[in-house]
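Welcome, and thanks for taking a look. Please open the model below and keep it in view while you read this short briefing.

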Amino acid sequence: MAETIDHRASACPCRPTFTDPDRLLATARAVLDRNWLRLSTVPSRSLYPHQWNWDSAFIAIGRSWHEQSRAQQELEALFEGQWSNGMLPHIVFDPDTPDDAYFPGPRFWQSERAAGCPPQRATSGITQPPLHARAALEIYQQASHEPEARAFLERMYPKLVAQLEYLAGCRDVTGNGLVAIVHPWESGLDNSPAFDHVLDALVIPDGALPSYERRDLVHADPTHRPTDDAYDRFVYLALAYREVDYDDAVLIDRSPFLLEGPLFNAIYLWSIHALAEIAGIVGGDRRSHRAAARRVHDALLDELWSDEAGRFVARDARTGDHDPSATIISFMPLLDPELPPDIVERLVGLLESPCFHPAHTEEHYIISSFDLDADTFDPQRYWRGPVWLNTNWLVWRGLRQHGRHDVAAEVGDSMAALVDRSGFREYFSPLDGAGFGSDDFSWSAALLIDRLLRDPPAV
Ligand code: 9WN
């Protein structure tokens with residue numbers, strides 16, 4: 001029987017602590033098993049009963065440690081929904097799940113209106129952060145059966161190239177190398193305060209919204225989810241894209257929401273570097289990927305780094321305005337392996353400041369999704385304050401990449417401590433660790449597996 005280790009004994013009293021990593025690991029694997037649906041994993045059986053884009057990349061990374069074949073299958077199933085222009089949809093709908101199990105479902109998106117949607121799969125019409133090349137590479141690196149993993153990479157390489165070429169070709173709207181998102185759902189951080197300044201200015205014409213029923217509120221407390229007002233904006237923007245049959249050229253000409261953000265672009269850059277490594281394994285052209293990475297790196301620093309604020313900021317590609325709020329996206333360029341050391345230091349300083357580090361009370365957790373000192377900080381409402389395990393994991397990986405293992409350890413330990421306290425919830429209060437949203441949430445399980453196995457807690 002596995003020995004129970006109490007990490008509380010050795011840790012500083014104000015550091016997040018947890019017990020029995022073996023039990024956490026076993027429970028995480030059981031969550032992923034329960035959420036496996038024939039060929040892929042649902043984020044949650046209740047709230048999100050289909051396959052989601054960046055969720056699947058996180059899930060595949062977690063699975064890569066102990067089940068190579070399901071990890072590969074996860075990504076291959078997702079790419080069944082890829083459009084012929086390379087766009088990888090943010091939802092690939094399960095054909096056997098009723099349309100009204102999730103809103104907006106396939107009848108809302110009408111993906112068949114887009115010329116390139118695969119005929120056999122209904123999908124949404126927008127994308128999400130492109131973590132998949134990184135996930136594919138990590139599956140290869142963890143694989144117990146190398147020839148099978150190499151064949152998997154050979155199948156995936158052209159699809160991953162197409163995905164990233166779509167972004168470079170159709171979403172680099174200002175020609176600076178950065179990719180713009182056209183909808184808050186594309187960010188993965190739907191109601192983040194980072195989008196307030198654009199969404200608050202959005203005027204929805206009378207009669208432009210159909211009546212619709214939110215399904216999320218059947219499964220979750222309304223005070224923990226985006227407001228109805230935010231949903232109206234999400235639905236209105238999705239309809240505007242649908243009305244032009246998901247034609248990027250037309251949309252980009254008209255869309256009121258065009259945002260170059262540090263999270264989407266940092267993940268894009270991390271994946272371009274992964275693609276260069278994959279190219280080296282399967283005999284592709286590494287140099288073109290390295291050149292693409294250099295361009296995104298330069299643009300991140302030139303366009304999205306604010307020396308004055310000491311953080312990365314989102315930019316409205318239409319007006320050039322920068323978002324004034326301090327949110328979790330500020331840290332994401334830590335994923336850039338070439339981020340200059342002085343900028344890494346500034347970001348570590350921000351992470352340790354009162355904006356993201358709750359006062360040293362006995363119980364507190366990092367990293368909140370929004371500035372703890374902001375007037376509108378809300379510890380319970382979705383992306384407007386709670387800690388999420390996926391954003392912690394991205395910052396944790398970024399810090400480790402830059403050799404900041406000291407700070408990374410606190411971020412990684414918060415992940416385990418939150419799950420130890422509240423289970424595999426979707427998000428958590430940074431103030432007391434209470435859990436919200438779905439339980440049995442897949443990426444919370446998958447990324448905790450990666451955290452515990454990549455950096456095993458000291459015995
Ligand atoms: C809309 C599935 C997804 C995540 C997103 C998260 C949430 C959907 C929703 O759930 O968004 O895509 O209905 O709220 O914000 O990051 O991919 O887990």
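This is a predicted model: local features need pLDDT of at least 70, side-chain atom pairs count only at pLDDT 80 or more; totals for chains, interfaces and linings use all residues.

**Overall dimensions and surface**

- Along the principal axes, the C-alpha atoms fill a box of roughly 60 × 55 × 45 Å.
- The protein has an accessible surface of about 16,800 Å², and carbon and sulfur atoms account for 48% of that area.

**Burial and contacts**

- Of the 459 residues in the protein, 62% are buried.
- Taking contacts between residues at least 6 apart in sequence, 71% join residues at least 24 apart.

**The pairing of α5 and α6**

- Helix α5 spans residues 132–142 and helix α6 spans residues 146–170; their axes come within 9 Å and cross at roughly 170°.
- Because an angle over 145 degrees counts as roughly antiparallel, α5 and α6 are roughly antiparallel to each other.
- On the α5 side, the contact is made by His-132, Ala-133, Ala-136, Leu-137, Ile-139 and Tyr-140.
- These residues meet Glu-146, Ala-149, Arg-150, Phe-152, Leu-153, Leu-160 and Gln-163 in α6.
- By type, the residues of this α5 and α6 contact divide into 9 nonpolar, 2 polar and 2 charged.

Note on methods: Residues are numbered from 1 along each chain as its sequence is written. Side-chain values use heavy atoms; hydrogens and water are left out. Axes are lines fitted to C-alpha atoms, for helices over the stretch in contact, and angles run from 0 to 180 degrees between N-to-C directions. Helices (H or I, at least four residues) and strands (E, at least two) are DSSP runs, numbered from the N terminus. Angles under 35 degrees count as roughly parallel, over 145 as roughly antiparallel, 65 to 115 as roughly perpendicular and the rest as oblique. Contact means heavy atoms within 4.5 Å. Ala, Val, Leu, Ile, Met, Phe, Trp, Tyr, Cys and Pro count as nonpolar, Asp, Glu, Lys and Arg as charged, and the others, Gly among them, as polar. Buried means under 20% relative accessible area, exposed over 50%, partly exposed in between (1.4 Å probe, protein chains only). Accessible areas come from the Shrake-Rupley method with a 1.4 Å probe; for residues, only the protein chains shown count as cover.
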